[in-house]
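Trainee: Can we go through the salt bridges in this one? I have the viewer open.
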Amino acid sequence: MTAEHQRLAENAAKTVPLEEWGPYLSERQWGVVREDYSPDGNAWHYFPFDHAAYRAYLWGEDGLAGISNLSQDLCFSIALWNGKDPILKERLFGLRNGEGNHGEDVKELYYYLDNIPTHYYMEYLYKYPQQEFPYEKLREENRKRSRLEPEYEILDTGIFSDNQYFDISVTYAKQGSKDIFIKIDVSNRYHQAANIVVLPTLWFYNRWAGAQLSNEPVIRLVDHTAVKAEHEQQEDYYFYFQEPDDALFTDNITNTLKVSGIPNETIFVKDAFHDAIVQGHNREALREKRSGTKFSPVYALNVAGGATETIYCRLSSAPQENAFPDHFENIFSIRKQEADEFYQFLLPDGITEDMARIRRQALAGLLWSKQYYHYNVEHWLANGDGITPVSQNRKTGRNHDWQHLKNQDIISMPDKWEYPWYAAWDLAFQCIAMAEADPTFAKHQLLLIMREWYMKPDGQLPSYEWNFSDVNPPVHARAAMMAYNIEKKQTGAGDIVFLKKIFQKLIINFTWWINRKDINGNNIFEGGFLGLDNIGVFNRNFHFPGEAQLEQADGTSWMGTYALDMMEMAIEIALHDPSFEDMATKFFEHFILIAESLNQHNLWSEEDKFFYDVLCIAGHEPMPLRIQSIVGLTPLFAATVINKEVFEKLPDFSKRVTWFENYRKKHNKFWPNEEGRNGDTLLSLLPRDRLIFLLQRLLNEEEFLSPGGIRALSKRHESHPYSVTVDGITHSIRYDPGDSTSDIFGGNSNWRGPVWIPINYLIIQSVRAYGKFYEDSLLVEYPSGSGHKINLSQVADELARRVIGLFQQNESGDRRLFGEYNWFYQQPGNDRLVLFYEYFHGDSGKGLGASHQTGWTALAAELISQYERPKEKQP
């Protein structure tokens, strides 16, 4: 075992398998639903970026390259000033939803370079311009642009064109769980010397304003290089720092004068450091203050061109006689070596150095994206924020029917700036990737969202804070089985107790789906947008007037997949505990019934050889919505092979399957199962002929197959847009490979053509399952029409290579995901940087949407772990 594995083994014994300190600080707390107390529910306008500097948060904190303890009582991050900006750089800047031509978007350059599950070693890189940061230019240019134009990014401003910027590298190395060394490297990338002010900042999350504490916490000056942080709900901490140029205290409280025009009772408010450093106001008073709830030593550096200056700090729960003893810097190289050993243990054979780096940065980003999340809906609805009084609209508005939800946990986030809140199906995919690095935490997260302070009493899982009642695809059973199998492969032993615990909760959720989303009781399911935002020709959450119903091919397929996953889970448990055998039978039979409905209802078009959503309006013939999108490909996801040994070990299950098969065949009922030559059985939603039809479209480069993976919408709709008229309103859709040109769900993501990694991951895994069963008995053209035939296992490998290729460097040093910005990422020091975007252009592969979605895009790491080096062709 590596040193990191030993620490993980110790954490696994805890009730909550987490370190006391980690990267739990959000990168954006402003503009979130939790901080919104407006009567109209416009969170972006109620708490904008400009307020974040001087307005105290109620539900969490944010910062730059920061950390916090588990309860986020005490936080640390850095603040910077280049001598030209109007404000300190305390947090990442980005546009709110209404400011961007494609919704909200962070406009900064930052990178999660390294991290390990216990956070004993972490690296973060931020690129800070030496000229004035272009806040207003970014706002103005994006406002000018239409949805048909690309976003105006910070690399378009020219601020980085001549390397006139600093690389700010923040590295954390733990001496112990509650003893953290911090290194801040300030590197001048320009050829001339430049000034910068650095403020390593320690502060308390303001809980006292809401009467959550008996006593206000305090940070007290110990001497000229140390302070002590005291809080009634945690042990004391000592913050040590090297000799500074200055040391300032203030309090983490709202500047009421700036927020609402009410005079402040004190000058020691949240943004006092801004006024003192940038404008020179009250600096002497902040210097003379000896205690507060926010503290910073101040370092005014002049960094020579091409040089690096380093600042060291230390945060410890124990007092230190000598905080920086001789050779203390060695802790960073020791922890870096341990991180290297940990990742070396996880590397598959045969991958390149570049692929290893991509995989490591993907997992590092996933680990950096752990965040403290606090939201008590009942309290939020019943109280104001001290600025806006309680509104009756809020009491009956957003999330009012989720008052049981009381979250206060460390949760894996999709993206700590763009999406600093959990999303149900994102979390499931994140846990698959997380299981590679930390299977215990992955299992913990999957169980967490099933707990009673998350799951509704009726069994519905919370979608995301903008609307907990939205419905996401039910992928948690699949994620649980994948996390289980990844750990079993690593350790040789599967966690059956975990499977039993989550199986019981998933039954409740499965029942909710059956009772709520199968309106006619015919195993045809709805679900609304199902996480796919603008995939439909209209908003699939919309309820048409009168007797109209949208029967969804993907809703039905997701439920077929859910039933199959539950059957697999029950079989695995039953091999250890026979009392679960009949549950395997129950979900097997339910799967067959859903497969029958999917294939024999109106969802399959015999003319087009494709599955479609169907709009059913009373008095009219069912109307297939003939859009060739991943909605029609979701039946591929449900495929598994049952080994003959399972039937031998589970006689009751085997007996019931045989009876059910004989009965259905005798009565000419649908039977999708296929038996292989070696006695194995394929369970799939698709009969073989329909599988082949779908694969022909899937692997057609003029339809779904792009250079970077499978598109969300067929390229065919570029020349063949689809329109439908409902209630006199015409709705249209066409292939849209880049940013969204529609405003459905805020317009910040697009499912009408780009490549999405989680969907590609599911397709690849399913095709691999088909390949395992059919072997060389089923060959298909790859690409379609090429005349080149391969088996489905080879197809899965080829699809994985296309996805991985989005991130890899080509012969000229370009990475497809960086598009026109490769000039920047070919520069020395930048050539090893990788970003994990939310989705990718359907033609070019350029990264789009959230730039740090190492949530589900970290599945690229899992694809690399399955990678097999192509065998050399024989002469």
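Mentor: Start with the term: a salt bridge is a side-chain nitrogen of Lys or Arg within 4 Å of a carboxyl oxygen of Asp or Glu. This is a predicted model, where local features need pLDDT of at least 70, side-chain atom pairs count only at pLDDT 80 or more, and totals for chains, interfaces and linings use all residues. Residues are numbered from 1 along each chain as its sequence is written, and side-chain values use heavy atoms, with hydrogens and water left out.

Trainee: How many salt bridges does the rule give?
Mentor: The count is 68 salt bridges.

Trainee: What does Glu775 pair with?
Mentor: Glu775 forms a salt bridge with Arg677, at 3.4 Å from N to O. The two sit 98 residues apart, Glu775 in the loop between α22 (757-774) and β32 (779-781), Arg677 in the loop between β26 (674-675) and β27 (681-684). Helices (H or I, at least four residues) and strands (E, at least two) are DSSP runs, numbered from the N terminus.

Trainee: Is Arg677 buried or exposed?
Mentor: Arg677 is exposed, at 75% relative accessibility, while Glu775 is partly exposed at 46%. Buried means under 20% relative accessible area, exposed over 50%, partly exposed in between (1.4 Å probe, protein chains only).

Trainee: Next, which residue does Asp577 bridge to?
Mentor: Lys500, with the closest N and O atoms 2.9 Å apart. Lys500 lies in helix α15 (residues 496-517), 77 residues from Asp577. Asp577 counts as buried at 19%, whereas Lys500 is partly exposed at 27%.

Trainee: Which residues are linked in a network?
Mentor: Salt bridges link Asp50, Glu99, Glu136, Arg139 and Arg143 in a network.
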